[in-house]
Amino acid sequence: MSKKNTGIQDADAMSPRGLEPVETLASRALWAVKDCWTIVAQEFTHLVRQPGTFAWQLGMPVIMVLMFVYVFGSAMDVTGMGAGEGYVDYAMPGMFAMTMAFGLMNTAFAVTLNKEKGFMDRFRSMPMSPSAAVTGRGVADLLHAAIDLAIIAGLALVVGWRPGGNLAETLLAFGLLLWLRLALIFVGVYLGLLINNTEIAGNLFAVVFPLGFISSVFAPPGMMPGWLGALAAWNPVSSTANAIRELFHTPGIESFEVQYWIDGHAVIGALVWPALITLAFVPLAVRQFKNLSR
Amino acid sequence: MTGRTWAIEAHGLTKRYRGKVALDGVDLQVSAGTVHGLLGPNGAGKTTTVRILTTLTRVDGGTASVAGYDVQRQSRQVRRNIGLTGQQTTVDDLLSARQNLIMFGRLFRLDRAAARRRADELLEFFGLEEAPGRSPKWFSGGMRRRLDLAASLILAPKVLFLDEPTTGLDPAGRREVWQAIRTMATSGTTVLLTTHYLDEADKLCDRVSVIDRGRNFVEDTPAGLKRRIGDEQLEVSIAHPDQLERAGALVGRITGTDPVVDREENTVTAPVADGVEALTSVAAAVRAESVGITDIGLRRPTLDEAFLQLTDGSVQPVGDTALEGSKR
Ligand SMILES: Nc1ncnc2c1ncn2[C@@H]1O[C@H](COP(=O)(O)OP(=O)(O)O)[C@@H](O)[C@H]1O
Ligand SMILES: [Mg+2]
């Protein structure tokens with residue numbers, strides 16, 4: 001180990017550089033954004049250095065796409081146009097929505113891992129913006145979700161799916177998907193802060209699977225037994241899936257029976273559900289974050 | 001502050017977790033520029049104390065200041081003046097060593113160029129300059145911990161907190177980290193380190209506070225602490241039981257003590273002040289008097305025995321360094 005003085009002392013002169021003595025509200029906000037961006041950059045360096053993890057997280061939806069299109073798809077008749085007819089067009093938007101729902105697990109797992117590995121404590125002992133550890137995660141996840149969507153949509157195009165609406169409708173559809181993902185990021189942050197170790201976070205499958213499957217992702221709720229159908233119809237994931245089907249002009253969906261009010265108002269549901277989830281979970285997540293110093 | 005500047009000053013810290021008492025009135029005073037040890041068994045309250053002093057945990061009672069700032073009311077100022085290396089090693093295995101330090105540098109609000117410069121300085125300072133592009137995943141335990149230390153030194157903090165810096169490291173890793181801590185201490189940084197190794201406190205610290213069950217027991221220099229814990233024991237194993245009495249008398253005469261003669265183990269044990277002197281004289285004497293021995297050696301009370309003594313009241317606090325908490 002080198003014994004010579006390499007700046008441990010003279011770095012005193014260095015320390016005030018980035019730290020203005022008087023912090024105004026504006027400078028605090030600016031630093032919150034910069035710190036958040038540093039964390040986002042860290043997350044993206046992860047992606048570059050370990051693309052395998054990224055591929056792994058996408059593996060599930062990719063396998064589902066292939067399975068539902070090529071294995072079950074030919075037997076499915078949801079549109080009343082005959083077995084296999086139009087199923088790709090029906091299932092792909094569902095798959096997009098499901099990918100957003102499953103992202104919840106990645107957020108929660110990453111937050112718990114950060115806590116478990118001591119990053120949350122280290123960050124909180126530093127003169128950085130305290131919330132950046134969490135907001136950085138959220139922004140990174142949203143960007144991550146956009147990349148996921150681009151890949152899954154690319155795959156959907158390959159297996160024959162086509163958006164039937166105009167450009168504005170198509171963009172709005174992807175916007176609604178990210179809107180749902182954003183709301184679920186807050187749920188994921190809350191759960192990640194609530195849960196104490198990654199072993200438990202791994203079990204979030206048990207929460208996320210029903211959220212993904214008891215929905216209109218693979219089949220219209222009208223085809224399910226009563227109580228399950230009600231659950232599936234009112235599932236926020238269904239609203240988003242149905243709304244984007246409308247925007248993609250998915251053939252055959254006009255023929256679905258409208259059993260619940262929400263069935264006929266999918267776009268409203270896709271806008272309002274995520275807003276409600278956000279309103280509920282932001283304060284919960286903030287409280288849980290403050291509880292870290294309990 | 002009155003006259004003397006304390007880098008860390010805490011009075012009567014209390015903390016309970018869901019009714020369970022973790023700290024029961026801990027006091028701590030550390031003068032600037034010294035290395036202070038917080039020594040105690042598992043569950044003593046070391047981590048809780050460090051978390052309170054580094055603004056991570058709210059305190060239930062008592063007051064504490066670090067670098068002159070109140071940890072509750074001036075937490076921002078405290079955070080600008082401290083470094084923390086927690087109980088776990090917190091480095092990002094998916095970034096390279098250098099990228100880790102640059103990331104933390106950016107979060108410490110250095111600009112990009114300064115963060116890079118500081119990262120390179122610290123890599124060199126901690127002897128990691130050969131491995132800047134490698135992931136810490138492939139580092140030895142000692143190297144990982146040194147990188148971890150480097151990350152808490154980016155702003156050259158006035159006060160550095162190290163929570164069990166060498167727990168879980170192999171002997172080589174421990175020596176590396178000790179060396180790093182010593183070098184840092186000579187640059188004037190105040191260090192508070194927690195440990196449950198007596199020898200670590202002995203090697204690194206100017207003063208040591210022993211805590212257990214959330215209370216102070218003793219505060220002293222490492223040398224003073226060892227004196228309280230008790231003298232070394234000289235232990236001689238005798239080859240033939242019929243020579244045991246003679247050996248006992250011999251050891252007693254040379255060491256000037258009343259040795260314990262164990263007839264089952266065939267050993268003679270005597271407390272000695274100067275261990276090496278006693279060992280060589282006794283070894284020479286048994287040879288001159290033709291007493292057959294199979295083993296001779298020095299033994300200190302183990303740490304467990306020492307804690308038991310220090311915390312069960314059998315060791316009376318001596319001198320004016322004893323704190324209130326040790327009177328029970
Ligand atoms: N977050 C926590 N929740 C509940 N109990 C805790 C928590 N942290 C520490 N404790 C308890 O407080 C006591 C002191 O713990 P700690 O400060 O970690 O001790 P040490 O670091 O000396 O091993 C222990 O009895 C421990 O179980
Ligand atoms: Mg501890």
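Trainee: Which are the buried residues of H5(B)?

Mentor: They are B:Gly142, B:Met143, B:Arg144, B:Arg145, B:Arg146, B:Leu147, B:Asp148, B:Leu149, B:Ala150 and B:Ala151. Buried means under 20% relative accessible area, exposed over 50%, and partly exposed in between (1.4 Å probe, protein chains only). Helices (H or I, at least four residues) and strands (E, at least two) are DSSP runs, numbered from the N terminus. Since 10 of the 11 residues of helix H5 (residues 141-151) of chain B are buried, this helix is largely enclosed by the rest of the structure.

A word on the source: this is a predicted model, where local features need pLDDT of at least 70, side-chain atom pairs count only at pLDDT 80 or more, and totals for chains, interfaces and linings use all residues. Residues are numbered from 1 along each chain as its sequence is written, and side-chain values use heavy atoms, with hydrogens and water left out.

Trainee: How many residues does the contact take from chain B and from chain A?

Mentor: Contact means heavy atoms within 4.5 Å. Here 55 residues come from chain B and 46 residues from chain A.

Trainee: How many salt bridges does the rule find across the interface of chain B and chain A?

Mentor: A salt bridge is a side-chain nitrogen of Lys or Arg within 4 Å of a carboxyl oxygen of Asp or Glu. The rule finds three across this interface. In one salt bridge, the side chains of B:Arg109 and A:Asp35 meet at 2.6 Å, N to O. On the side of chain B that touches chain A, H4(B) gives the largest share, seven residues.

Key
Chains lettered and ligands numbered in written order.
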